[in-house]
Amino acid sequence: MSAATLSPEILAKYEPVIGLEVHVQLLTASKAFCGCANKFGVEPNTNVCPVCLGLPGALPVLNEKAVEFAALASMALNCQVRERSIFARKNYFYPDLPKGYQISQFDKPLAELGWIDVPTADGGIKRIGITRLHMEEDAGKSIHDGLADSANHTSLDLNRCGTPLAEIVSEPDMRTPDEAWEYLTRLKEILLYCGVSDCNMEEGSLRCDANVSVRLKGAPQFGTKAEVKNVNSFRYVRAGIQYEIERQIEVIEAGGRVIQESRLWNAAEGRTYSMRSKEQAHDYRYFPEPDLPPLIVSAEFLEETRKKLPELPEARRARMIAEYELAAKDAATLTVTREFADRFEAAAKTARNPRRVANVLLSEVGGRLNALGLEQEQSPVSMEGIVLAADLLDEDKISSKQLKQLFDVCFEKNEDFAAVYEREKPQQITDASALEALIDGVIAANPRQVEQYRGGKKTVAGFFVGQVMKASKGQANPALLNELVVKKLEG
Ligand SMILES: [Zn+2]
């Protein structure tokens, strides 16, 4: 079964409906309800205690930092945080869940009614609703392969039991796999800016399930949904949703019915497989957790937490576009992480002209990194080096051509800008008579452009500046050169 069997006309009859459930691990030092370290990659089954193993008589104690992080994420996602939320037991059996239940939240989650704005294909903005953000604990891990006896046994690592999670459930507002991808990208960026999770998908600290259904365009009700489970990259989420949309349309077109079920994405085959029929909420027999009191979030706690909210990516981009006169694409580059945007802005503040720092960073450093396929962290030129280069340019101590030559050396020899500049100290011609001689030569060789200039086309001066700069091998002092060119042309 593949997309090739569905004509565009048939696909166009249907409207996909997509909702996403995202689990993120919170970056607390300890687990949600015990003092065990919240750490990835340590020796299996060493970060465990009676509480996170659910041994009889052990009592959970809520980690305040986890509440702070979950509340911070809720506010960043425009959710309303409830003053009173309730922890509930979600009961199910799984080998990596020794307690037999997960502490979660059910009908009274921590936060509700949020949203994220995502860009659309036609250049607009679409608001995707967030139904709820609730707190819960993670389960352990079943390891089916990679160990010596994996052929015969499944191994269990219970270190992850009790790790604090925020589950963020969207409204079924998305209509294309691309919208889902944009939503996830924004969500991850916001969470990273808030510092509440490292959102590392390979390590499982961000996991995504997609609910997908299709309906005939204009139909009043949603179709039956299938859930695509635990897809481990945004690219696969997009591909899994696309596959699922086409699979369901084929089922319906063939006269069948879509079954409500969980399906696993198989990246190697590029398809989903039926995993099990989907549980309904009532299958879990939720009831209020008897060992934890209601979670009360006071106005004071919320106010203190709100103070920790950073400037969020979208707002920061808008401000930086205005402040540094950037194109949207360049603002996106400079805000790729909060850390990088912070470093850039701290450096730019120390420069004579902050906008020039942005220019040098984007064109000279960014351009070379792109060409070499390198990341910002791999740049030989530090932020201080970029500020120095921008200042030299701003003071006309070097020409832009010399700047380019110096940056070439930095990247060839993997050296920072200050060291290269000190060694090479490019010569500048500041002697007016020497420059005048060069200008005279260029003027004599280009009578047509001289005529244009004198006919009123003043922009032609730039042509002469360029030619003389070339003749001086980039060594002419730019300010003096500009001045003398105009003087000669007017004369
Ligand atoms: Zn523990």
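A polar contact is a pair of N or O atoms within 3.5 Å; within protein, one must be able to donate a hydrogen and the other to accept it, and residues adjacent in sequence count only if both atoms are side-chain atoms. The model is predicted, with local features requiring pLDDT of at least 70 and side-chain atom pairs pLDDT 80 or more, while totals for chains, interfaces and linings use all residues. Numbering starts from 1 along each chain as its sequence is written, and side-chain values use heavy atoms, without hydrogens and water.

Helices (H or I, at least four residues) and strands (E, at least two) are DSSP runs, numbered from the N terminus. Asn477 caps the N-terminal end of α17, as the table shows.

| Atoms | Distance |
|---|---|
| Asn477 side-chain oxygen to Ala479 backbone nitrogen | 3.1 Å |
| Gln102 side chain to Tyr92 side chain (polar contact) | 3.0 Å |

Buried means under 20% relative accessible area and exposed over 50%, with partly exposed in between (1.4 Å probe, protein chains only). The buried residues of α17 are Pro478, Leu480, Leu481, Leu484, Val485 and Leu489. Seen down the axis of α17, these fall within an arc of 150° (taken from the directions from the helix axis to the C-beta atoms), so they line one face of the helix. Exposed Glu483 and Lys487 sit on the face turned away from that buried side. Cover for the buried residues includes α14 (432–445), α15 (447–454) and α16 (461–471).

Gln102 belongs to strand β5 (residues 101–105) and is buried, with a relative accessible area of 6%. Beyond its neighbours within four places in sequence, Gln102 has contacts (heavy atoms within 4.5 Å) that include Ala88, Arg89 and Glu136.
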